[in-house]
Amino acid sequence: MSASSHHADCFMCGLEQSEDTAVVFRDPLWSGEVVPGYDVPGWFVLRVRRHAERITGLDEAELASFARRARDLVAAVTEVTGAPATYLLVFGENHPHFHALITARGEHVPADRRNGNILRLRAEHADPESAARLVPAVRRAYERLAGDGRHPLSA
Ligand SMILES: [Zn+2]
């Protein structure tokens, strides 16, 4: 990634500097990781690595690969957490740099904290250490599930 593809004042661009311990995977186009401020156990961010705003800002290669990355990361998070539901959320308002928030919705999450209300857990269930502890298992599951399809566009 060249510096010119990142914006100095963009939170999502700044994640290029994340510690490796937070990162599930990185390929030329996408990164999956635990993000400060969204570090509820079972929550991960899938973000495009260059600064591209909203889904309408993705180029053809990013569009073509997004669904596979989302599927594989959702599958890995679901497998490791055992959650009965795993959400794939895209808003693009507070942080327009395109990203999806993947949130395992555990059995214990009450009805009034499900669906869109799960975002209340961002403050209520923040636990950076527990969130980080899930990374190695999710990384192994992702690598196995993504398999040879991990870099279909890089050949
Ligand atoms: Zn950005």
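This is a predicted model: local features need pLDDT of at least 70, side-chain atom pairs count only at pLDDT 80 or more; totals for chains, interfaces and linings use all residues.
Biologist: Thanks! Where does Ala141 lie, and what does it touch?

Modeller: Ala141 lies in helix α5. Helices (H or I, at least four residues) and strands (E, at least two) are DSSP runs, numbered from the N terminus. Leaving aside residues up to four places away in sequence, Ala141 touches Ala76, Glu79 and Val80. Contact here means that the C-beta atoms of two residues, placed from the backbone, lie within 7 Å.

Biologist: Which residues of α2 does α5 meet?

Modeller: Asp72, Leu73, Ala75, Ala76, Val77, Glu79 and Val80 in α2 meet a set in α5 that includes Ala137, Ala141 and Tyr142.

Biologist: And how do the two helix axes cross?

Modeller: Two packed helices are described by the angle between their axes and the distance between the axes. The axes of α2 and α5 come within 8 Å and cross at roughly 130°. Axes are lines fitted to C-alpha atoms, for helices over the stretch in contact, and angles run from 0 to 180 degrees between N-to-C directions. α2 and α5 are therefore oblique to each other, given that angles under 35 degrees count as roughly parallel, over 145 as roughly antiparallel, 65 to 115 as roughly perpendicular and the rest as oblique.

Biologist: Let's switch to the sheet. What is the strand order?

Modeller: The sheet is open, with 5 strands in the order β1-β2-β3-β5-β4 and antiparallel pairing. Two strands pair if DSSP finds at least two bridges between them. β1 (23–26) and β4 (85–89) are the edge strands, each pairing on one side only. From one strand to the next, the twist averages 15°.

Biologist: What packs on it?

Modeller: Helix α2 (residues 60–81) packs on the sheet and touches β1, β2 (30–33), β3, β4 and β5. The direction of α2 makes about 20° with that of β5. Helix α5 (residues 135–146) packs on the sheet too, touching β1 and β2, and its direction makes about 30° with that of β1.

Biologist: How many bridges join the neighbouring strands?

Modeller: β1 and β2 are joined by 3 bridges, and β2 and β3 by 4. Strand β3 (residues 43–48) is joined to β5 (residues 99–105) by 5 bridges. As for facing residues, Arg26 stands opposite Ser31 in β2, the bridge partner of Ser31 in β3 is Arg47, and Val45 stands opposite Leu101 in β5. A hairpin of 3 residues links β1 to β2.

Biologist: What about β3, how many of its residues are buried?

Modeller: 6 of the 6 residues of β3 are buried, so this strand is largely enclosed by the rest of the structure. In a regular strand the side chains alternate between the two faces of the sheet. Here Trp43, Val45 and Arg47 point one way, while Phe44, Leu46 and Val48 point the other way.

Biologist: Which residues touch the most other members in the largest nonpolar core?

Modeller: Phe44, Leu73, Val77 and Ile102 do, out of 21 residues. A nonpolar core is a set of buried Ala, Val, Leu, Ile, Met, Phe, Trp, Tyr and Cys residues joined through C-beta atoms within 7 Å. β3, α2, β5 and α5 are the elements that give two or more residues to this core. Among the residues that Ile102 touches are Phe44, Leu73, Val77 and Leu88.

Biologist: Last one, loops. Which residues other than glycine have a positive phi?

Modeller: Arg54 is one of them, with phi near 60°; it is found in the loop between β3 and α2 and is partly exposed, with 14 other C-beta atoms within 10 Å. Asn115 is another, with phi near 55°. Asn115 is found in the loop between β5 and α3 (121–124) and is exposed, with 12 other C-beta atoms within 10 Å.

Methods:
Residues are numbered from 1 along each chain as its sequence is written. A residue is buried if 20 or more other C-beta atoms lie within 10 Å of its own, exposed if 12 or fewer, and partly exposed in between; C-beta atoms are placed from the backbone.
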